[in-house]
Amino acid sequence: MNSNIFINFVTIYNEFIMAKRISLLFIALFAALTGLNAQIMKPVKWESSLKMTGDATGEIVLKASVDAGWHLYSSDFAEGEGPQPLVITFPKTDGVRLDGKPIPSQKPHREMDEMFEMELTWWTGSVTLTQKFTATKPEFAIDVALTYGACNDQNCIPPSRESFSFTGSAKVKAETPEPVKEEVKKEEEKKTEDSLPADTAVNNDTVAATMAADSVSTTMTKAQSDLWAPVTFSDNNDEGNIAGKSLLYIFLTCFLGGLVALFTPCVWPMIPMTVSFFLKKGQDRRKSITDACTYGISIIVIYVALGLIITGLFGASSLNALSTSATCNIIFFLLLVVFAISFFGAFEIKLPSSWSNRMDATAEKTSGLLSIFFMAFTLTLVSFSCTGPIIGTLLVEAASMGNVWGPAIGMLGFSTALALPFMLFAMFPTMLQSAPRSGGWMNTLKVVLGFVELALSLKFLSVADLAYGWHLLDREAFLALWIVMFLLLGLYLLGKFNFSHYGPADSSIGVFRFFLALASLSFTVYLIPGLWGAPLKGVSAFVPPLYTQDFNLYGESFHEYDDFEEGMRAGVREGKPVLIDFSGHGCVNCRKMEGAVLDDSNIKTMINDNFVVIKLMVDEKAPLPSPMTVTEYGKEVTLHTYGDKWSYLQRSKFNANAQPYYVILNDAGELLSGPFSYDENIPSFAAFLEKGIKGYK
């Protein structure tokens, strides 16, 4: 008897060690994928130095070390549809005159790139760029700003920035400024205007001018130019934390989607069949568990590879543009409607049966780990009719959040949830006895998912509607459609009707289905006051904003200017600091902040009493009266819409492009408080406002 106890103890211990190893493997896989961004985002390392070559001459040396397999693009091609070229600017040249342009130590390699369909030039290994200068003052200072892009055979990094600052001394006489003639002063005063016209073209001939100065007219006064001048931040920017939260949100959302996919008719019946196959395959239970775990890990690898392929096909810039692109949001809307109709039983989304047959035959011919991998591939293809719409929805949501690694992290979450039951049931086969049997409840789940897909599709249509100002789906229309959808869902769950594909309605329902119906109908009642302007904070991230509603008993929160210069002038008139809200029609987190924080009574009172509010939509598609030409990183860029203008303002003045983004400025455009990004902590936002009030006083 003692020997049996010892054997059982050893068996349990071995299974514990195996489970521990599998857990470590999962952790390593997740860490590798989440850390992939950090590994490839810095393929180029920069070193800088300044040396004097004479009493008043010197040079700045910039050395780039490029990782093996990567290449750094040069500046010998036009910026446009291709990758980011190397752009070197000098925002500050106090007491120096630049002599010519930066000179590379070697000529770049030139080649026709098939992916970008244009001739590109780049360096590999390392390159040194030398910028010569002549000092005009005994003490001088130079700032250098780099924007560059790099690619390897599979990936490209987003446009990256580096900046360097130098100070030095030279043996030159201090210059005596020439007296300004009175006639020139009067002429400049005569040219002074009260506002910056939207169609102003930028012409700045000095290399030392900042990006902000490039965005305004040469006839502007210094005070007007300062409004667009870059600010200096004293607080740490939290955009990195936002990105981390975004990836965690994507992972958890897709993990939940994977759990839902488990209970579909294409996946759930496969679990006991597959687990039984592994357990009966051999007498060695330990090997059976290992095979089942390999099967689950193969599922994860397949889906993560799908996410990486999506990222590779679209690239960093395309995925980041999806969240605000009206065209893409319309495509997403139509895609989700098709998925919903499929769940309602009108048709099934299937891959060619020959694919799954070929994979099944390949699995039978092979052996060992390769055979198990092809079995997992077969499951992926066979279950596509049920999981395809769910995967499509999750990929759309992950890609539209603008994070380039969103699809890969999303598929990691989805596949982890999908693979866990196969491994757990193999480790603990007695759990299969308590698992629910396949049945009609799976069809009910598909119909419920169809209603959810249909409701979610309206969110993407709303983004395009807001961006182009069509007013086809204002807040009342959106809420009316949602109210009808969730009312019908509640009636369906109560057995009042059914779709013909699934047979007649069943008047007898279970307790769980009753509570789902109760939740759907309760949500319907919750939405109804929104037709009269109730804030509906619980769904504020999805429904259109309150200002699109014609009949609003709730009233506007506070007056918001939609023009930067106009709002700044209002701040001067009223003697108040200016709160700038960089937002977007397609920004989900912006709607969350508005509903959870800005609509709070105390926050609303603080803003009304102490601030002038400027709300700038970076995805606004309304055209400017005339295109506006600006210079960014040494290249001329034409701004066609107001969204282009406000996005450029955020990039040039605040060195940021994420929304929501809040800053508080004084009359001169100087920073008083911020930046403050997405954080639904009301006390933190109140502290941000209080700092701005105290700084202004």
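Guide: Residues are numbered from 1 along each chain as its sequence is written. In this predicted model, local features need pLDDT of at least 70 and side-chain atom pairs count only at pLDDT 80 or more, while totals for chains, interfaces and linings use all residues, and side-chain values use heavy atoms, with hydrogens and water left out.

Visitor: Why is helix α15 called roughly antiparallel to helix α16?

Guide: The axes of α15 (residues 475-493) and α16 (residues 511-527) come within 8 Å and cross at roughly 160°. Angles under 35 degrees count as roughly parallel, over 145 as roughly antiparallel, 65 to 115 as roughly perpendicular and the rest as oblique. The crossing angle therefore makes α15 roughly antiparallel to α16.

Visitor: Which kinds of residue form the contact of α15 with α16?

Guide: Contact means heavy atoms within 4.5 Å. Residues of α15, including W482 and F486, meet residues of α16, among them R513 and F523. The contact divides into 13 nonpolar residues, three polar and one charged.

Visitor: What makes strand β17 mostly covered?

Guide: Buried means under 20% relative accessible area, exposed over 50%, and partly exposed in between (1.4 Å probe, protein chains only). In β17 (residues 661-665), five of five residues are buried. Y661, V663 and L665 lie on one side, with Y662 and I664 on the other, so by that definition both faces are covered.

Visitor: How do you know that β17 and strand β18 pair?

Guide: Two strands pair if DSSP finds at least two bridges between them. β17 and β18 (residues 671-676) have three bridges, in the antiparallel sense, and therefore qualify.

Technical notes:
Axes are lines fitted to C-alpha atoms, for helices over the stretch in contact, and angles run from 0 to 180 degrees between N-to-C directions. Helices (H or I, at least four residues) and strands (E, at least two) are DSSP runs, numbered from the N terminus. Ala, Val, Leu, Ile, Met, Phe, Trp, Tyr, Cys and Pro count as nonpolar, Asp, Glu, Lys and Arg as charged, and the others, Gly among them, as polar.
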